[in-house]
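Hello,

Here is the structure I promised to pass on to you. My notes on what turned up in it follow just below.

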Amino acid sequence: LSHVRGVGAWLGVVLTSPVAPALEIAAREAGFLVNAPAPDVIRLAPALVLTDAQVSAFLSALPAVLDAVRVPS
């Protein structure tokens, strides 16, 4: 991850590699909807009725989702 930008819960996660389309697929396979508006950006736009449990589940799954699309160094 490079940095996060946005307001409130509507966030753009800027990646250090152009893997956003693959990350979108990996997140969907893990049960989370995100979209890739740019090759190196994932947009988070959760529903207004997002629960703490849903946030925790996403944050717990995020490392594995990122690992699934990691670019070998």
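**The buried side of α1**

In helix α1, the residues A20, L23, E24, A26 and A27 are buried (buried means under 20% relative accessible area, exposed over 50%, and partly exposed in between, with a 1.4 Å probe and protein chains only). These residues lie on the same side of α1, because they cover an arc of only 170 degrees around the axis (the arc is that of the directions from the helix axis to the C-beta atoms). Helices (H or I, at least four residues) and strands (E, at least two) are DSSP runs, numbered from the N terminus. The cover over the buried residues of α1 includes β3 (35-38), β4 and α2. Just after α1, G31 takes a positive phi of about 100 degrees.

Before you read on: this is a predicted model, in which local features need pLDDT of at least 70 and side-chain atom pairs count only at pLDDT 80 or more, while totals for chains, interfaces and linings use all residues. Residues are numbered from 1 along each chain as its sequence is written, and side-chain values use heavy atoms, with hydrogens and water left out.

**The core**

The largest nonpolar core has 14 residues, and L15, L23, V34, I42 and L44 touch the most other members. Such a core is a set of buried Ala, Val, Leu, Ile, Met, Phe, Trp, Tyr and Cys residues joined through side-chain atoms within 4.5 Å. Two or more residues of this core come from each of α1, β4 and α2, and the largest share, four residues, comes from α1. In soluble globular proteins, nonpolar side chains tend to be buried together.

V34 has contacts with E24, A27, I42, R43, L44 and F58, leaving aside its neighbours within four places in sequence (contact means heavy atoms within 4.5 Å). V69, in the segment after α2, counts as buried because its relative accessibility is 12%. The C-alpha atoms of V69 and A22 are separated by 6.4 Å, although the two are 47 residues apart along the chain.

**Salt bridges**

How many salt bridges does the structure hold? There are two salt bridges, each being a side-chain nitrogen of Lys or Arg within 4 Å of a carboxyl oxygen of Asp or Glu. One joins E24 and R28, with the closest N and O atoms 3.1 Å apart. Both residues lie in helix α1, four residues apart, about one turn of the helix. E24 is buried, with a relative accessible area of 19%, whereas R28 is partly exposed at 43%. Leaving aside its neighbours within four places in sequence, E24 is in contact with V34, N35, A36 and I42.

The side chains of R70 and D67 also meet in a salt bridge (2.8 Å, N to O). R70 counts as exposed at 60% relative accessibility, and D67 as partly exposed at 45%.

**The surface**

L50, V55 and L59 make a nonpolar surface patch of about 240 Å². Patches are made of residues with over 30% relative accessible area and no salt bridge, with like charges joined within 9 Å and nonpolar side chains (Val, Leu, Ile, Met, Phe, Trp, Tyr) within 5 Å. Accessible areas come from the Shrake-Rupley method with a 1.4 Å probe; for residues, only the protein chains shown count as cover. L50 sits in the loop between β4 (41-44) and α2 (52-68) and is partly exposed, at 38% relative accessibility.

Best wishes
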